[in-house]
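This briefing covers two local features of one protein chain. Please look over the sequence and the structure before reading on.

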Amino acid sequence: MSDTTLTEQEIVRRDNLQKIEEAGINPFPPEAFPPTHFASEIKADFTEEKAEAFKEVRLTGRVMNKRVMGKASFLELQDSSGRIQLYVSRDDIAPGEDKTLYNTVVKKLLDIGDFVGVEGFVFTTRVGETTVHVKNFKFLGKSLRPLPIVKRDEDGNVYDAFTDPELRYRMRYVDLTVNPQFREIFVKRNKLVRTIQSFLDERGIMEVETPILQPIHGGAAARPFATHHNTLDMPLFMRIANELYLKRLIVAGFDGVYEIGKMFRNEGMDRTHNPEFTMMEIYVAYQDYNWMMDMTETLLSEVATAVTGNTTVNYQGTEIDFAGPYARLPILDAIKIHGGVDVSEMDEEGLRVVCKEKGIHPDKTWGYGKLIDELFGELAEAKLIQPTFVTDYPVEMSPLTKKHRTKEGLVERFELFIKGKEVANAYTELNDPIVQRERFEDQLKLAARGDDEAMVLDEDFLRALEYGMPPTTGIGIGIDRLTMLMTDQVSIQEVLFFPQMRKEGE
RNA sequence: GACCUGGUAGCUCAGUUGGCUAGAGCAUCUGACUUUUAAUCCGAGGGUCGUGGGUUCGAGCCCCACCCGGGUCACCA
């Protein structure tokens, strides 16, 4: 996007840029200027007794405030760690006859948002502010647009905050520059992912990458983004899941694999849905869903500890404790306990009656499994606040899951609910290729009945199973939603650097 | 997709029952100031009121359509 008309302030800055060049200064110098110190560490470590250790410091960053006092000025420098005050006096940075560097460059041509590098010593001002006394001042990069100025008083009150969500998400670079508190969310997100990675590394579970462009969008039920490969002249789909590929790797002989990556679903957008989102899937051979529940408890309490310092997280005023063990609640029991109805002996017709009693309007295409899921969603889901494994789902809803070892009509599946939201979905994986084929065929029947979310049959995946897959358990965890929980955010947009937006008007 | 709500200066906002040249703070520009910190003080400039139509003597305000956000619901098993 290019602006045809410049605002008053943009014209001033371009004018300043030109004057800097005319003064013989390169506003975008090529040579390196690596900092020796960061703002926050100086502010944390400096004392007058240790002044000797801070006699020569070099800092870099953006000028975020400028208070000119005549022959001396105070600047606020913001680097990746925080802010620190700079003291710039005329005769220090321009000791000779020529005072241009101070009188013109610092006082007039230096704008808020410009990148500068400084060298000097640290001291404490009269009012007790740790400050860098600048001896050498260098331009590192000019800013041609005015940043929104956010002011804070000594009590921490914020004035004129840059709050418009549209502008914040469209210009995340501006948002994170002037609202550094939001950086913390992304730092925590990174910590969360790194914790998971080292946790799985330690257990010999290998990180892998599988195709994002898939000829068949298998492994989940959702509408895909469709695209086309020109050379092969074939349709391709952005993956909605990677499950079937990771299972092929279990077939191939890896005992444990996982992938953290983007999935793409062509569905609606809201506070908890972005068209592309990050999912982690883990598959471990020779284990079952009970083991996976144990592992999930350990993993999440380690993640919570890494992100917040202990196993508890305050989410929207509720203390969530990630220390295991979590409640394990069969879905039919969840409906009985939280909905007050025992549906364990009911058939499809009985469930339809219960649905209507509970204010749900069952669709004709809904089968037994969908009816159970709707009842659970309506009656129980919102009541599961602390981490809870809901287990043993109807087979219809779980075409990739092994049937339950004792309970007829159910499968060995669990979903983890926290604060009423699904955070993880896991199975004892179905590894019988004949049963798997039947399940796919049932899905085709559902599709024929009008269910446009029914799963697609993948012949190559079935061929892989026919070669033999060991007993395996697998789990999928939504990384964005986990990050939301761990950072106390209600909107997925706050945990994505660049959430999806409609195209900007010209 | 439905409903609710919003879009006014670079940013955050005010703008009365439709009525003088559309306002404020910060930011910007002039000037003063060598320990200030929401710096202060003097003076000044800056607007397609989201876009396009309509009603009216007159529209930021009323009506219609559209664009872009936010919220709720539906959808997302």
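The model is predicted. Asp392 is a buried residue in a loop between two strands, β17 and β18. Helices α7 and α15 pack against each other at an angle of about 120°.

**Asp392: position and burial**
- Asp392 lies in the loop that runs between β17 (388-391) and β18 (413-418).
- The relative accessibility of Asp392 is 4%, so the residue counts as buried, the cut-off being under 20%.

**Asp392: contacts**
- The side chain of Asp392 makes a polar contact of 2.6 Å with the side chain of Tyr289.
- A polar contact of 2.9 Å links the Asp392 side chain to that of Lys407.
- With neighbours within four places in sequence left aside, Asp392 is in contact with Tyr289, Pro330, Ile331, His404, Lys407, Leu410, Val411, Glu412 and Arg413.

**Helices α7 and α15: geometry**
- Helix α7 spans residues 183-202 and helix α15 residues 479-487; their axes are 10 Å apart, and the angle is about 120°.
- Because of this angle, α7 is oblique to α15.
- The crossing of the helices α7 and α15 is right-handed.

**Helices α7 and α15: residues in contact**
- From α7, the residues Ile185, Lys188, Arg189, Leu192, Val193 and Ile196 take part.
- They meet Ile479, Asp480, Leu482, Thr483, Met486 and Thr487 of α15.
- Sorted by class, the contact of α7 with α15 comprises seven nonpolar, two polar and three charged residues.

Technical notes:
Residues are numbered from 1 along each chain as its sequence is written. Chains are lettered from A and ligands numbered from 1 in the order in which they are written. This is a predicted model: local features need pLDDT of at least 70, side-chain atom pairs count only at pLDDT 80 or more; totals for chains, interfaces and linings use all residues. Side-chain values use heavy atoms; hydrogens and water are left out. Helices (H or I, at least four residues) and strands (E, at least two) are DSSP runs, numbered from the N terminus. Buried means under 20% relative accessible area, exposed over 50%, partly exposed in between (1.4 Å probe, protein chains only). A polar contact is a pair of N or O atoms within 3.5 Å; within protein, one must be able to donate a hydrogen and the other to accept it, and residues adjacent in sequence count only if both atoms are side-chain atoms. Contact means heavy atoms within 4.5 Å. Axes are lines fitted to C-alpha atoms, for helices over the stretch in contact, and angles run from 0 to 180 degrees between N-to-C directions. Angles under 35 degrees count as roughly parallel, over 145 as roughly antiparallel, 65 to 115 as roughly perpendicular and the rest as oblique. A crossing is left-handed if the near helix is turned anticlockwise from the far one by less than a right angle, and right-handed if clockwise. Ala, Val, Leu, Ile, Met, Phe, Trp, Tyr, Cys and Pro count as nonpolar, Asp, Glu, Lys and Arg as charged, and the others, Gly among them, as polar.
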